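Please read them with the structure open beside you.

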Amino acid sequence: MEKKGKFIVFEGTDGSGKSTQMKMLSKYLEEKGVACYLTHEPTDSPFGALLRSCLTGRLDADEHAIALLFAADRVDHITNPVNGMKAKLDAGVTVLCDRYYYSSFAYNGGFVPLEWVKELNKPAMEMLRPDLVIYIDVPIAESMKRVLKRGETERYETQERQQKIRTKFFEVFEELKDENIKIVKSEEDKFQTQAHIRGYIDELWGNAWKKN
């Protein structure tokens with residue numbers, strides 16, 4: 001195996017099943033002998049706590065302020081000396097992250113100027129780009145059913161906003177063709193969805209699997 005870990009990002013609208021698929025993938029990788037670290041954005045840092053307060057409505061904040069908080073949380077997520085993603089990768093650990101700057105572009109960029117959001121995220125993009133991005137695509141009607149089953153909804157969790165966000169994701173992916181972004185259709189059976197994801201993972205590791 002390579003000394004440096006790989007950085008894999010999961011993206012999608014709310015209720016797309018990202019966290020479930022990420023956990024399933026970590027088991028697969030660990031069976032292959034790959035050490036994994038699972039993380040998410042917003043993080044569990046003070047920046048992340050503020051963001052969660054904004055998303056749940058406990059704290060009323062302007063969309064520009066939320067975009068700034070996400071950018072700050074992300075830079076800390078990368079550089080934090082205790083549990084930062086860069087330190088984990090440099091130590092040979094593969095990082096699986098639920099959301100990254102693509103979510104900022106799709107969510108914040110749908111409600112404030114996208115170019116401004118991109119500028120905010122330039123430091124993160126320069127410091128750490130993923131080896132692979134998995135976007136789990138699920139019809140908005142279905143994802144909203146899943147969201148509503150949870151009970152309380154958050155800031156962006158309306159059908160209209162989610163549709164707008166999904167459209168923005170695909171606009172952004174068109175602009176980022178140099179990045180390794182894979183669209184995975186969400187199947188009714190979560191194991192089928194996982195099989196598609198593992199196919200891209202096998203491509204990413206290539207011949208390295210044969211050494212196991």
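1. Asp44 sits in the loop between S2 and H2, where helices (H or I, at least four residues) and strands (E, at least two) are DSSP runs numbered from the N terminus. Asp44 is exposed, with a relative accessible area of 62%; here buried means under 20% relative accessible area, exposed over 50%, and partly exposed in between, with a 1.4 Å probe and protein chains only. The C-alpha atoms of Asp44 and Asp73 are separated by 9.3 Å, although these residues are 29 residues apart along the chain.

2. A word on the basis of these notes: this is a predicted model, in which local features need pLDDT of at least 70 and side-chain atom pairs count only at pLDDT 80 or more, while totals for chains, interfaces and linings use all residues. Residues are numbered from 1 along each chain as its sequence is written, and side-chain values use heavy atoms, with hydrogens and water left out.

3. The loop between S2 and H2 also holds Pro42, and the peptide bond from Glu41 to Pro42 is cis, with omega near 0 degrees. For context, most residues other than glycine have a negative phi, and most peptide bonds are trans. Arg99 lies in the loop between strand S3 (94-98) and H5, and Arg99 is buried, with a relative accessible area of 11%.

4. S3 runs parallel to S1, with four bridges joining them, and parallel to S2, with five bridges; two strands are taken to pair if DSSP finds at least two bridges between them.

5. Strand S4 (residues 132-137) has six of its six residues buried, so S4 is largely enclosed by the rest of the structure. Leu132, Ile134 and Ile136 point one way from S4, and Val133, Tyr135 and Asp137 the other way. S4 is joined to strand S1 (residues 7-11) by four bridges in a parallel arrangement, and S4 pairs with strand S5 (residues 181-185), also in the parallel sense, over five bridges. Tyr135 is the bridge partner of Glu11, and Tyr135 also stands opposite Ile183 in S5.

6. The largest nonpolar core has 35 residues, and those with the most contacts inside it are Phe7, Met85, Tyr100, Tyr102, Phe105 and Phe169; such a core is a set of buried Ala, Val, Leu, Ile, Met, Phe, Trp, Tyr and Cys residues joined through side-chain atoms within 4.5 Å. Helix H5 (residues 101-107) gives the most to this core, with five residues. A second, separate core of 18 residues includes Ile8, Leu29, Cys36 and Trp209.

7. The largest pocket has a volume of about 880 Å³. On a 1 Å grid over the protein atoms alone, a pocket is an open set of points where a 1.4 Å probe fits, with protein on both sides within 12 Å along at least five of seven lines, and lining residues have an atom within 4 Å of a point; grid points are joined across faces, edges and corners, and a volume is the space filled by probe spheres set on the points. This pocket is lined by 37 residues, of which Asp14, Lys18, Asp98, Arg99 and Arg150 lie nearest its centre. H1 gives the largest share of the lining, four residues.

8. By class, the lining of the largest pocket has seven nonpolar, 15 polar and 15 charged residues; Ala, Val, Leu, Ile, Met, Phe, Trp, Tyr, Cys and Pro count as nonpolar, Asp, Glu, Lys and Arg as charged, and the others, Gly among them, as polar.

9. The second largest pocket has a volume of about 170 Å³, and its lining includes Tyr37, His40, Asp44, Asp76 and Asn83. S2 gives the most to this lining, with four residues, and the lining divides into two nonpolar, seven polar and two charged residues.
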